[in-house]
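Good morning, colleagues. Please look at the sequence and the structure as I bring them up.

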Amino acid sequence: MTLYTIVDRETCISCGACGTAAPDLFDYDEEEGLSYYIGDDNHGCRPIDAGFTEDLEDAYEGCPTNSIKMADTPFDGDPNKFE
């Protein structure tokens, strides 16, 4: 299954859980200190590599604010597209 991810930067609290669970998928920007999906600069349009599915699921489940979004279709830059 193809998966896409994006971080809702409006609800991110920079706790570091996603970067710990999936350091190849998530990082923090220097300016605001908020998390983002590395694969496409947080647009949610580029699918994650299948080898990182488990890491993505760990980050998704570990995010205390539910800011990590995951779907089987692109987000097109909108973390709330499927809510």
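This is a predicted model: local features need pLDDT of at least 70, side-chain atom pairs count only at pLDDT 80 or more; totals for chains, interfaces and linings use all residues.

Let me begin with the aromatic residues. A pair of aromatic rings is described by the distance of the centres and the angle of the planes. There are two aromatic pairs in the structure. In the pair formed by Phe75 and Phe82, the ring centres lie 5.3 Å apart and the planes stand at 70°. Angles over 60 degrees count as edge-to-face, so Phe75 and Phe82 form an edge-to-face pair.

I turn now to the core. In soluble globular proteins, nonpolar side chains tend to be buried together. The largest nonpolar core here has 14 residues, and the members that touch the most others are Leu25, Phe26, Ile48, Leu56 and Ile68. Which residues does Phe26 touch, leaving aside those up to four places away in sequence? Among them are Thr5, Val7, Cys18, Tyr36, Ile38, Leu56, Ala59 and Ile68.

Finally, the loops. Asp41 sits in the loop that joins strand 3 (35-37) to helix 2 (53-62). Its phi is positive, near 55°, although Asp41 is not a glycine. Is Asp41 buried or exposed? With a relative accessible area of 53%, Asp41 is exposed, since exposed means over 50%.

Asn66 belongs to the loop between helix 2 and strand 4 (68-71). Asn66, also a residue other than glycine, has a positive phi of about 55°. Asn66 is exposed, with a relative accessible area of 53%.

Thank you for your attention.

How values were computed:
Residues are numbered from 1 along each chain as its sequence is written. Side-chain values use heavy atoms; hydrogens and water are left out. Rings of Phe, Tyr and Trp (its six-membered ring) pair if their centres lie within 6.5 Å; planes under 30 degrees apart count as stacked, over 60 as edge-to-face and the rest as tilted. A nonpolar core is a set of buried Ala, Val, Leu, Ile, Met, Phe, Trp, Tyr and Cys residues joined through side-chain atoms within 4.5 Å. Buried means under 20% relative accessible area, exposed over 50%, partly exposed in between (1.4 Å probe, protein chains only). Contact means heavy atoms within 4.5 Å. Helices (H or I, at least four residues) and strands (E, at least two) are DSSP runs, numbered from the N terminus.
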